[in-house]
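Welcome! Open the structure in your viewer, keep the selection tool handy, and let us walk through it stop by stop.

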Amino acid sequence: MSVNSPTDVATDTTYKRFSHDPAYVQANAAFVARLPLAPVTRILDLAGGTGAVGQLMLAAAPGSSLHAIDLDPVQIDLAAENYAGLGYSIRRDAPLQPLPPGHGRTVSLTVGSATELAFPGGSFDCVMIANAIHLIGDKDGLIGSIARVLEPGGIFAFSSGFYAGCWPPVTQQVYYEWLKEATAWIAQHNAERVAAGLPPVKRVRGKSQLAPVAYQNRWLTPDEWRELLDAKGFDVRDMNERPVMFDHDSLASVGAYSGLAEAQLSGYPVELASQALASTAALALATAGVTSVQHNWIEVCAVRRAD
Amino acid sequence: MSNEATTLKFTRDEIERDLIAILTDMTADWDLSFEGGIQPDTRLMADLAFESIDVVQLVVAIEAHVQRRHLQFEKLMMVDGRYVQELRVKEIVDFLDQQLAA
């Protein structure tokens, strides 16, 4: 088997590795630094993942509690570990009731969907979703739910690396070549399996939950985001497009993440897809003759209008 | 399209014929309700249930067939900074006709 064979190297397919990527960390910190968080007391972190951005939010709003929701129990486990390591009190499987003000340094964690918010109306004064809003198909429903659980005057903030305009032309070229190289990597892997008398790893079509929402949903332009938020009762106070430079290590880290691998190479076993993307990131950059790519992120801060 | 390694010029009709052949081969064992055979107006997503990786595999198959790499398919797949929501066979044919003539 080749040195890049999945049988040789175990890949961490959680978001943990990319959450520590220097470019990603810097982008998140810059996003949070633009938010008016000082008076916030109750934060809802949707699709909170490992807590990488939630921790930054709490640092900027030290008197606030935070309730994080994520569909993936593995991410919730990692978040519990990370928040506990920073000295926060953890409530697992927390009831969908916000803590009253005065519970700073308390983090509640729930496995659940960002689109099914069973909290009472006006439960929070800040709702945040970092780099995940593009994965949610029903954006009308999502924004409406967020408006309901936010008190008037509350902040809704999000960042996303997937919107219309996120990829300059060279980035589009690199990402497309990356998918092609990853596909070829899997083909080579299968050829080696067959040569060794093993059956090839088959792709199962139509099983991915992430591919359709990530890549077949229409990405919104900044102006379309502004219009949608306005229609749902929000005033956009700040909208920023941030160029983030991803090098080989950044791409290998995010390529290994199961969420991206499942969406990009849908139908293959996630472990194999993750390794294919992580192993071919450098080749994709080299093919385009660059050492990094510019990936733009949109950052939005909106305030819920009074009813 | 010819199998001769150095012959890389194709008529539009040849491109269309061979693209349909590639698509027919790719989708042969897919469980599709689509009927009538692949035509120029056939939609990849709506009719053939293409996923994003299927498009990549189609690109790889086309590039192997025409013996050309880096045909800048991203320019076909992304318009106004975002992925297109649908592609018809004839749009790919038009794109290849331009790219292979370059």
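Which residues in α1(B) meet which residues in α2(B)? Keep in mind as you look that this is a predicted model.

**Stop 1: two helices of chain B**

Select residues 12–26 of chain B for helix α1 and residues 52–66 of chain B for helix α2. Now show the side chains: from α1(B), Asp18(B), Ile22(B) and Met26(B) meet Leu58(B), Ala61(B), Ile62(B) and His65(B) of α2(B). Sorted by class, this contact of α1(B) with α2(B) holds five nonpolar residues, one polar and one charged.

Two packed helices are described by the angle between their axes and the distance between the axes. For α1(B) and α2(B), the angle is about 135° and the axes are 11 Å apart. The two helices, α1(B) and α2(B), are therefore oblique to each other. Their crossing, α1(B) over α2(B), is right-handed.

**Stop 2: where the chains touch**

Next, display both chains. The contact draws 22 residues from chain A and 17 residues from chain B. The most comes from α6(A), with seven residues. Colour the side of chain A that touches chain B by class and you will find 10 nonpolar, nine polar and three charged residues.

**Stop 3: the two domains of chain A**

Now give chain A two colours. Domain 1 covers 16–163 + 218–243 + 298–304, and domain 2 covers 169–216 + 245–294. The centres of these domains of chain A, taken over C-alpha atoms, are separated by 28 Å. Where they touch, 10 residues of domain 1 of chain A are in contact with 12 residues of domain 2 of chain A. On the domain 1 side, α1 (16–19) and α2 (22–33) of chain A each supply at least two residues. That side of domain 1 of chain A divides into six nonpolar, two polar and two charged residues.

**Stop 4: the sheet**

Switch to a cartoon view of chain A and trace its strands. Eight of them form an open sheet with mixed pairing, in the order β3-β4-β2-β1-β5-β6-β8-β7. Find β3 (89–92) and β7 (234–247) of chain A at the edges: each has a single partner strand, so one side of each is left without a neighbour in the sheet. Ignoring direction, neighbouring strands of this sheet are turned by 15° against each other on average.

Zoom in on β1 (residues 42–46) and β2 (residues 65–70) of chain A, which pair in the parallel sense over five bridges. Select Arg42(A) and look for its bridge partner in β2(A), which is Ser65(A).

**Stop 5: helices on the sheet**

Bring α3 (residues 52–60) of chain A into view: α3(A) packs on the sheet, touching β1, β2 and β5 of chain A, and its direction makes about 165° with that of β2(A). Then return to α2(A), which lies across β5 (124–130), β6 (150–160), β7 and β8 (292–304) of chain A and runs at about 160° to β7(A).

How do these two helices meet? The axes of α2(A) and α3(A) come within 10 Å and cross at roughly 35°, and the crossing of α2(A) and α3(A) is right-handed. To see the contact, select Asn28(A), Ala29(A) and Val32(A) of α2(A) together with Ala52(A), Val53(A), Leu56(A), Met57(A) and Ala60(A) of α3(A). The residues of this contact of α2(A) with α3(A) are seven nonpolar, one polar and no charged.

Methods
Residues numbered from 1 in each chain as written. Chains lettered and ligands numbered in written order. Predicted model: local features only at pLDDT ≥ 70, side-chain atom pairs only at ≥ 80, totals over all residues. Contact = placed C-beta atoms within 7 Å. Helix = DSSP H or I, 4+ residues; strand = E, 2+ residues; numbered from the N terminus. Nonpolar A, V, L, I, M, F, W, Y, C, P; charged D, E, K, R; others polar. Axes fitted to C-alpha atoms, helices over the stretch in contact; angles between N-to-C directions. Parallel < 35°, antiparallel > 145°, perpendicular 65-115°, else oblique. Left-handed = near helix turned anticlockwise from the far one by under 90°. Domains from an automatic or database assignment. Pairing = 2+ DSSP bridges.
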